[in-house]
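Please keep the sequence and the model in view while reading.

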Amino acid sequence: MQELQAMASTASREGRPALISHVRSEFKKSALVSSTFFGAILLCLEKFIEKEFACPCNVYWNAAFETAYFLVPAVVVFLLMMKIKGCQCKKSKETAKTVLSSIGPALFWIIIVLWDGHCVACMKTTWSGSYIEIDKAAPQKWCKPANLTSSQELDYKTKTQHWFFMSQGIGMGVITLIIVVYLSFKCCCQQEVRDVEAPRPRN
């Protein structure tokens, strides 16, 4: 029995490097596979953080906190993609291709954060207060200042909702721009291939 357990343990230890090597190979071969994998992880992370998200509601910390929220996950996943694909610091078409394929998940994170809206709304807030839900606009939240008149509170709340909509509009614009650039690039590449493969007229 102990011998069987020892053999199983040995096989498991030997199989792990092979599995890791296989996964890494698949990630290197297919940008779609790696981008989809990291995109799914980022989407789950954003959904988890969304429930726990809390704006500092502090004039001095809002912008710094939200900038980190925007950039840190994007930079981390970009560096992970570059590491998995084995990018080397050489000027070549292969390196440029690796960088472009690695930047996809980072852009995806920025898009879903923009679409959520909480980050931009918090970043644009220039007053202190308590972070609470906006009435009849769940799950939107805002920094409600103390000692405001009804008209002042309505004005601040309207500004916050405007920033939510502005953030979502920017997110939609980024998605549209990426699709247009991708389709244009793909169309140009296909045209170049057709031009190369087209038979030349005989003299």
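A disulfide is here a pair of cysteine sulfur atoms within 2.5 Å. The model is predicted: local features need pLDDT of at least 70, side-chain atom pairs count only at pLDDT 80 or more, and totals for chains, interfaces and linings use all residues. Residues are numbered from 1 along each chain as its sequence is written, and side-chain values use heavy atoms, with hydrogens and water left out.

A search of the whole structure finds two disulfides and three aromatic pairs. Helices (DSSP runs of H or I, at least four residues) and strands (runs of E, at least two) are numbered from the N terminus. Buried means under 20% relative accessible area, exposed over 50%, and partly exposed in between, for a 1.4 Å probe and protein chains only.

**Disulfide C55–C122**

- C55 is joined to C122 by a disulfide with an S to S distance of 2.0 Å.
- This pair links distant parts of the chain, 67 residues apart: C55 is in the loop between α2 (31-52) and α3 (62-84), and C122 is in helix α5 (residues 118-124).
- The link of C55 and C122 is right-handed, with 75° about the S-S bond.
- Both C55 and C122 are buried.

**Disulfide C57–C143**

- The sulfur atoms of C57 and C143 are 2.0 Å apart and form a disulfide.
- C57 lies in the loop between α2 and α3 and C143 in strand β2 (residues 141-144), so the pair ties together parts that are 86 residues apart in sequence.
- The link of C57 and C143 is left-handed, with -85° about the S-S bond.
- C57 and C143 are buried.

- With the bonded cysteines of the protein numbered in sequence order, the pairing is 1-3, 2-4.
- C119 is in no disulfide, and the nearest cysteine sulfur, that of C122, is 7.1 Å away.
- C119 is buried, at a relative accessible area of 0%.

**Aromatic contacts**

- Rings of Phe, Tyr and Trp (its six-membered ring) pair if their centres lie within 6.5 Å; planes under 30 degrees apart count as stacked, over 60 as edge-to-face and the rest as tilted.
- A search of the whole structure finds three aromatic pairs; W127 and Y156 form one that is tilted, 4.2 Å centre to centre with 45° between the planes.
- That pair links distant parts of the chain, 29 residues apart: W127 is in the loop between α5 and β1 (130-133), and Y156 is in helix α6 (residues 150-197).
- W127 counts as buried at 9% relative accessibility, whereas Y156 counts as partly exposed at 24%.
- One aromatic cluster is formed by W127, Y156 and W163.
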